[in-house]
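Subject: Handing over a structure

Dear colleague,

I am passing on the structure below, and I would be glad if you kept it open while reading the notes that follow.

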Amino acid sequence: MPPAPSPYLQIFRSHFRFRFAGIHRSSLKMCGKCLCALLLCLVPVAPMAPSAAAATQNALCSEPLRVRVSGDYFPFSHRAPGGKLIGTDVELVRTVFDLIDCPIELEIMPFKRAIVELSQGNIDMVPFASITEHRSKFAHYSAPYRNELARLIFRKGEVENHPISDINHIIDHQLIVGHERSSYRGRLFDSFMRSDTGQHHVFHTTTTTEGIRMLETGRIDALVEMPSAVMGVANRMGLEGVFEVHPFPVWEEPVHFMFSQQTVPVQLVDAVSAAIREVRRTEDYKVAFGHLALPVPNTGDPSAPLMD
């Protein structure tokens with residue numbers, strides 16, 4: 001028996017569907033800068049009968065998109081006890097690509113490697129990505145889909161020992177902070193991490209789990225991370241109540257799906273963005289992401305297109 005459709009998909013599958021002429025993505029990579037010569041037509045169509053919908057299945061993608069996800073970024077992207085990849089971001093990814101009839105293949109991969117693979121066109125998409133000048137040289141971005149934030153995570157009882165109100169207080173307090181390789185935690189921390197003095201106070205980790213273990217054992221003094229992710233993974237590791245969040249606001253901004261320019265056409269990114277905007281209108285979206293959900297602008301016309 002096939003799995004039940006996600007809540008998002010049940011809401012939109014009969015109301016929201018796109019089609020465009022399929023094209024093998026490997027040809028996009030070979031064409032390089034000649035991509036603009038390949039004409040792709042994106043047109044919204046009316047709801048279709050089941051037989052017509054089946055006939056146009058996979059019209060957006062001639063082969064599955066290769067999507068990198070995390071295996072330990074709870075509650076956004078993680079493995080269930082049975083091995084299945086689940087999480088709020090994973091569910092959103094599945095829903096959005098189902099809405100545009102585009103099959104995907106999820107693959108767990110360290111973030112640093114994923115950035116390299118995406119830049120070379122070896123994978124097609126990475127979720128929970130921030131826009132940076134470096135990444136914009138090789139990536140397209142979807143519309144934003146939720147907020148991401150970073151705070152300093154300490155061992156329980158140690159926050160009060162570090163009254164930090166400036167990023168350089170990390171140096172003053174002689175702290176070593178953990179940071180996942182190639183992840184982006186805002187301009188403030190990025191500048192600190194690259195500074196002559198600040199770089200000696202940052203230890204680069206490969207995964208959230210590795211950072212938590214290092215913090216638990218005292219090999220680092222704090223983690224620069226998403227609080228809900230650290231607490232969620234720590235709880236699953238049997239470390240509930242071991243850590244606490246410092247109130248200093250390191251960073252907060254929306255994140256996006258990031259696509260390889262070598263393999264994914266802009267027209268597909270536009271279709272994904274349209275689906276994201278529609279999902280953001282739903283109550284299910286607001287419940288799933290809570291305080292991290294992006295607001296819907298009050299235009300006075302609930303049917304007006306949602307722009308970012």
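A polar contact here is a pair of N or O atoms within 3.5 Å, where, within protein, one atom must be able to donate a hydrogen and the other to accept it. Please bear in mind that this is a predicted model, and that in it a polar atom of the Ser77 side chain lies 2.5 Å from the backbone oxygen of Ser70.

Where does Ser77 lie? Ser77 belongs to strand E5, which covers residues 77–79, and it counts as buried because its relative accessible area is 0%, whereas the cut-off for buried is under 20%. Apart from neighbours within four places in sequence, Ser77 is in contact with several residues, among them Val69, Asp72, Ile86 and Phe128.

Turning to the helices, the axes of H8 (residues 208–216) and H9 (residues 227–236) come within 10 Å and cross at roughly 75°, so the two helices are roughly perpendicular to each other. In this contact, Thr208, Thr209 and Ile212 of H8 meet Val230, Val233 and Ala234 of H9, which by class gives 4 nonpolar, 2 polar and no charged residues.

As for the chain as a whole, there are 11 helices and 15 strands, and buried residues make up 49% of its 308 residues. Of the contacts between residues at least 6 apart in sequence, 76% join residues at least 24 apart. The chain exposes about 14,600 Å², with carbon and sulfur atoms supplying 55% of that area.

Methods: Residues numbered from 1 in each chain as written. Predicted model: local features only at pLDDT ≥ 70, side-chain atom pairs only at ≥ 80, totals over all residues. Heavy atoms only, no water. Helix = DSSP H or I, 4+ residues; strand = E, 2+ residues; numbered from the N terminus. Buried < 20%, exposed > 50% of the residue type's maximum accessible area, 1.4 Å probe, protein only. Contact = heavy atoms within 4.5 Å. Areas by Shrake-Rupley, 256 points an atom, 1.4 Å probe, with all protein chains shown as cover. Axes fitted to C-alpha atoms, helices over the stretch in contact; angles between N-to-C directions. Parallel < 35°, antiparallel > 145°, perpendicular 65-115°, else oblique. Nonpolar A, V, L, I, M, F, W, Y, C, P; charged D, E, K, R; others polar.
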